[in-house]
Amino acid sequence: MSRVGAAIGTFLLPMGLHRFGVEFVLLVGAGVLALGGLVSQFLAPETTDLDLAQAARAAREKAAV
């Protein structure tokens, strides 16, 4: 997904800058980052008190659901 996003961003960024301006493009970028942060916060398992093996097991279990 990161490569697809990078390819789309490389293609769309200059077009967006030309058509909508710097402020709009920066706001859209900030919105995408905020949305990604919120999704990660709610979907990623908590691993604070886990060792690496336990964290991997928790991630596999969550992915299987």
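## Lining of the largest pocket

In this predicted model, H1 contributes the most to the lining of the largest pocket, with 5 residues; helices are DSSP runs of H or I with at least four residues, numbered from the N terminus. A pocket here is an open set of points on a 1 Å grid over the protein atoms alone, where a 1.4 Å probe fits, with protein on both sides within 12 Å along at least five of seven lines, and lining residues have an atom within 4 Å of a point.

The lining is made up of Gly-9, Leu-12, Leu-13, Gly-16, Phe-20, Phe-24, Val-25, Val-28 and Gly-29, and H1 and H2 are the elements that give two or more residues to it. By class, this lining has 6 nonpolar, 3 polar and no charged residues, with Gly counted as polar.

## Contact of H1 with H2

Helix H1 (residues 2-20) packs against helix H2 (residues 22-43) at an angle of about 130°, their axes lying 7 Å apart. Leu-13, Gly-16, Leu-17 and Phe-20 of H1 meet Val-22, Phe-24 and Val-25 of H2, where contact means heavy atoms within 4.5 Å; these residues divide into 6 nonpolar, 1 polar and no charged.

## Confidence and conventions

The protein chain averages a pLDDT (the predictor's confidence in each residue, from 0 to 100) of 88, and 100% of the residues score at least 70.

Local features need pLDDT of at least 70 and side-chain atom pairs count only at pLDDT 80 or more, whereas totals for chains, interfaces and linings use all residues. Residues are numbered from 1 along each chain as its sequence is written, and side-chain values use heavy atoms, leaving out hydrogens and water.

Key
Axes are lines fitted to C-alpha atoms, for helices over the stretch in contact, and angles run from 0 to 180 degrees between N-to-C directions.
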